[in-house]
Amino acid sequence: MPTYYNEEFETLPRQALEALQLKRLQSVIERVYSNVPFYRDSFNKNGVSPANITSLDDLQCLPFTTKQDMRDSYPYALFAAPMEEIVRIHASSGTTGKPTVVGYTLKDIETWTDLMARSFVAAGVHKGDIIHNAYGYGLFTGGLGAHYGAERLGASVIPISGGNTKRQIMIMQDFGSTVLTCTPSYSLFMAEEAGVEGVDFKKLKLRVGIFGAEPWSEEMRREIEEKLNLDAIDIYGLSEIMGPGVAIECIEAKQGLHIWEDHFIPEIINPETGKRLAPGEKGELVITTITKQGIPLIRYRTRDITSLTYDTCKCGRTHARIARMSGRSDDMLIIRGVNVFPSQIESILVGIEGVEPHYLLIVDRKDNLDTLQVQVEVDERLFSDEVKVLQVLSRRIEKEIKDMLGVTCTVKLVEPKTIQRSEGKAKRVVDNRKL
Amino acid sequence: MKVEQISIFIENKSGRLAEVSRILGEAGVNIRALSLADTSDFGILRLIVNDREQAISVLKGKGFTVSKTEVVAVEVPDQPGGLASILQVLDSGSINVEYMYAFVERCGDNAVIIFRFDETEKAISTLASKGFNMLEGERLYGM
């Protein structure tokens, strides 16, 4: 028998759910129109006003919001509530060195906490569980999002954050953790380290793992479930929309992620044309937040590629499900849970010695951890007849990338013209990960 | 007193060194001395050749990264202790050697050691004051 955190809303009949969505959509449109000059201008430019939104279908008349819009509004211009009401600020990494900033009112934190608790319950977690939260705490939403949700549920949360794997394993053993939250690749890394330490995951009390912040596959799920001896559940979220807990798989079906439709309206569009696609068709996920106070976003283009289904799920929840993320409609890479745009690496390289070298990013997954190799062509301005000068240069690039993006990489110096040139958009990334 | 050396960036992959020597051979460039410094990813090939401009032009034409560096060629007696005598002088003069390589003259009793110093002028005057003979570039290129 499925258990629910908020049965009334999670199993709301479709018609009632849509009526609720429309009411909330109209109210958020009113709010951004009066409070956010960006939206007022863009609605006016597109010839739409709040009065035009009389059905859910009318959502399609509204313009998209993009990550670029958020960057242009850095830091607070998209906020719909006054700063006195903002109680929390999070941010995601930005391509230009400026992060994407989001603000939460107390009510937003309440909503997020509730939805995260709801997500935990859908994943089979309950009061009495000991949640080992290895998502990073800080500006990144993962750690705190899961933390508050766990507390709301009445579970015990271990706020261990990321890193220091040996200690993580010791604590899981000694504290009797029953639920693990981290990126899927980190879970496999932990399993491997545990093997080295002589710790058998099958003897731990872990029952459920809630994994997100990076794309993964069914094969990887099977591997995690086998090696960690738990149910591996996929969770989805993004700081722009809320953080973790926008959507999650139910443990009953593990068949697509329920997106909490009483707070978010999902659409799938063709990323080229912007036209809405039918259920089942693969395209870019667009989300409209309908209850957020701090920074409501209308038709936010997530750039994540997935599809949407409204089919009945065996868990009884009526909310639509999105399929596993199968890619991005932009060139963003997720490396060990960190969002990386090739342009960020490019701007770091350009800043070194004042040159703009040709470069190629090779992403791979070795021993279940993502690896990033940055190939840089050595032209005459970079070249030296001394080995140590070139090695110092490599180390410097590695360090700057680590400092700016938080990603560990190795730099490989290569001969000029060995990186493939192309007529159109340069190919900057080779992703060898089998996801 | 200085000699021009050319340095070539070579990725550590099979056939690259052969490619460089083939290009130089076809262009009629003769190699007088060479040294290869390598790491796991790349190598730096350093050459003294009879025709620098030709070597640079054909290698650049094939897309190689090439640079010119001034080095110092010092003659030492081709006998036990020959190298030690010169290193002793450099050490007592606190002169740092970035790298070095040697070859033996075809005729005569001397070996030639090619040095790259961080302070070239200071090295030259120190060596000269101790009576070491440094070869002019033209002599070396045409050896």
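**Notebook: where chain B meets chain A**

I began with contacts (heavy atoms within 4.5 Å) and found that 24 residues of chain B touch 18 residues of chain A. A reminder to myself: this is a predicted model, where local features need pLDDT of at least 70 and side-chain atom pairs count only at pLDDT 80 or more, while totals for chains, interfaces and linings use all residues. Residues are numbered from 1 along each chain as its sequence is written, chains are lettered from A in the order in which they are written, and side-chain values use heavy atoms, leaving out hydrogens and water.

Next I looked up buried area, the accessible area (1.4 Å probe) that two parts lose on being put together, summed over both. For chain B and chain A it is about 1700 Å², with 55% on carbon and sulfur atoms. Phe9(B), Glu11(B) and Thr65(B) supply 33% of the area that chain B buries here, more than any other three residues.

Then I turned to salt bridges (a side-chain nitrogen of Lys or Arg within 4 Å of a carboxyl oxygen of Asp or Glu). How many cross the interface of chain B and chain A? I found 5. Glu415(A) and Arg16(B) form a salt bridge, at 2.4 Å from N to O.

Last, I looked inside chain B, where an automatic or database assignment gives domain 1 (2-69) and domain 2 (70-133). Lys2(B) pairs with Glu70(B) in a salt bridge, with the closest N and O atoms 3.5 Å apart.
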